[in-house]
Amino acid sequence: MARDNYTVVTNFILFGLTDHQEMRPLLFSVFFVIYIITLSGNIGMIVLIWIDPQLHTPMYFFLSNLSFLDACYSTTITPNMLANILEGSQPISYTACMAQYCFFVVFATTEFFLLAAMAYDRYVAIRNPLLYTAVMTKRLCTALVFGSYLGGFVNSLIHTSGLLRLSFCGSNVINHFFCDFTPLLKLSCSDVYLNEMLIFTFGSLIQMGTLLIIIISYVFIIVAVLRIRTAEGRYKAFSTCASHLTAVAIYHGTILFMYFRPHSSYSLDTDKMVSVFYTVIIPMLNPLIYSLRNKDVKCAFKKVIGGKVFSQ
């Protein structure tokens with residue numbers, strides 16, 4: 001059939017997580033609680049770092065930015081998903097869909113770069129603890145964070161521009177709970193080869209590049225830790241990296257599974273479940289990971305509860 005005979009799509013329908021009516025109340029309750037915990041945990045972390053002078057260090061400057069990213073990341077996806085669960089398949093305008101995808105890529109990509117910057121920060125802290133604040137100056141930390149956001153915006157601009165050049169005609173039902181790359185390409189009646197090459201090329205470069213920085217940083221960290229003479233000193237040094245390593249493993253592992261597994265193993269249901277994990281669950285986990293194993297954060301929280309911070 002000729003392309004001119006199709007009806008050009010001006011809005012989309014988000015199919016959502018499930019079409020089972022009986023599951024909606026439970027799913028809505030679960031994800032609503034997760035979203036509240038996500039916002040409370042991440043905003044709480046930002047406020048805690050801001051009000052406690054003990055946390056005014058490069059490590060916590062990066063952590064506050066990670067918390068900001070996770071709060072924005074979750075807010076880009078979750079409210080719309082909750083409405084979809086509560087009311088069924090929801091229409092979303094073409095503009096809103098492209099905007100959601102744009103912000104999703106900005107925050108997701110920025111987190112890759114920020115986790116790499118945090119690995120470098122841990123290397124400097126363990127390799128030269130006495131020169132830590134001299135090396136990780138406010139100017140350098142700001143530049144690393146700015147560069148992370150710039151990388152996120154540039155990557156998002158490339159892929160969003162690629163989607164904007166496509167024509168969408170015929171079916172307008174996105175079999176997903178948000179406007180993601182692969183479901184959108186399946187609805188396009190244009191040639192999507194360039195889009196696929198761009199996402200593969202830039203996705204591979206960004207993920208592998210940032211992962212390489214993290215691996216190299218931790219190789220040097222391990223070498224530095226092994227030079228510490230006491231077992232207690234080695235444990236204390238490496239324990240400062242445990243939270244970051246956990247966050248890296250969860251985030252990178254999930255994205256690798258989602259976008260770089262063989263095409264023969266792709267399944268829409270699997271994609272939805274994995275997408276829920278990295279768009280909804282991970283933003284909730286990060287503040288828990290960085291607080292439960294962190295004595296400084298727990299101490300600062302106790303001081304806030306006791307009113308000591310505000311009384312200073």
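**Ground rules**

I number residues from 1 along each chain as its sequence is written, and I leave hydrogens and water out, with heavy atoms used for side-chain values. Since I am reading a prediction, local features need pLDDT of at least 70 and side-chain atom pairs count only at pLDDT 80 or more, while totals for chains, interfaces and linings use all residues.

**Entry 1: the pocket**

I began with the empty space. Rolling a probe the size of a water molecule over the atoms shows where such space is left. On a 1 Å grid over the protein atoms alone, a cavity is a set of points where a 1.4 Å probe fits but cannot get out, and a pocket is an open set with protein on both sides within 12 Å along at least five of seven lines. The largest pocket came out at about 880 Å³; a volume here is the space filled by probe spheres set on the points, with grid points joined across faces, edges and corners.

Next I looked up who lines the largest pocket. I found 27 lining residues, meaning residues with an atom within 4 Å of a point. Nearest the centre lie Tyr 60, Lys 236, Ser 239, Thr 240 and Asp 296. Helices H2 (58–87), H3 (94–127), H8 (231–259) and H10 (295–306) each give at least two residues to this lining. Helices (H or I, at least four residues) and strands (E, at least two) are DSSP runs, numbered from the N terminus. H8 has the largest share, with 7 residues.

I also sorted the lining by class: 12 nonpolar, 6 polar and 9 charged residues. For this, Ala, Val, Leu, Ile, Met, Phe, Trp, Tyr, Cys and Pro count as nonpolar, Asp, Glu, Lys and Arg as charged, and the others, Gly among them, as polar.

**Entry 2: the cysteines**

How many disulfides does the structure hold? I found 2, taking a disulfide as a pair of cysteine sulfur atoms within 2.5 Å.

Cys 97 and Cys 179 make one of them, with sulfur atoms 2.0 Å apart. The link of Cys 97 and Cys 179 is left-handed, at -125° about the S-S bond. Cys 97 sits in H3 and Cys 179 in the loop between strand E3 (173–174) and helix H6 (181–187), so this pair ties together parts 82 residues apart in sequence. Cys 97 and Cys 179 are both buried; buried means under 20% relative accessible area, exposed over 50%, and partly exposed in between (1.4 Å probe, protein chains only).

Cys 169 and Cys 189 also form a disulfide, with 1.9 Å between their sulfur atoms. Cys 169 is in the loop between helix H5 (138–164) and E3, and Cys 189 in the loop between H6 and helix H7 (193–226), so parts 20 residues apart in sequence are tied together. Cys 169 is buried at 9% relative accessibility, whereas Cys 189 is partly exposed at 28%. Counting bonded cysteines along the chain, I get the pattern 1-3, 2-4.

Cys 141 is buried, at 4% relative accessibility.

**Entry 3: the core**

The largest nonpolar core has 83 residues. Such a core is a set of buried Ala, Val, Leu, Ile, Met, Phe, Trp, Tyr and Cys residues joined through side-chain atoms within 4.5 Å. Phe 12, Phe 31, Phe 104, Leu 184 and Tyr 278 have the most contacts inside this core, and H3 gives the most to it, with 18 residues. Leaving aside neighbours within four places in sequence, I listed the contacts (heavy atoms within 4.5 Å) of Phe 31; among them are Leu 17, Thr 78, Met 81 and Val 276.

**Entry 4: single residues**

Asn 65 lies in H2 and is buried at 13% relative accessibility. Beyond residues up to four places away in sequence, Asn 65 touches Leu 114, Val 145 and Tyr 149.

Thr 160 is in H5 and is buried, with a relative accessible area of 8%. With the sequence neighbours up to four places away set aside, Thr 160 touches Met 98, Tyr 101 and Cys 102.
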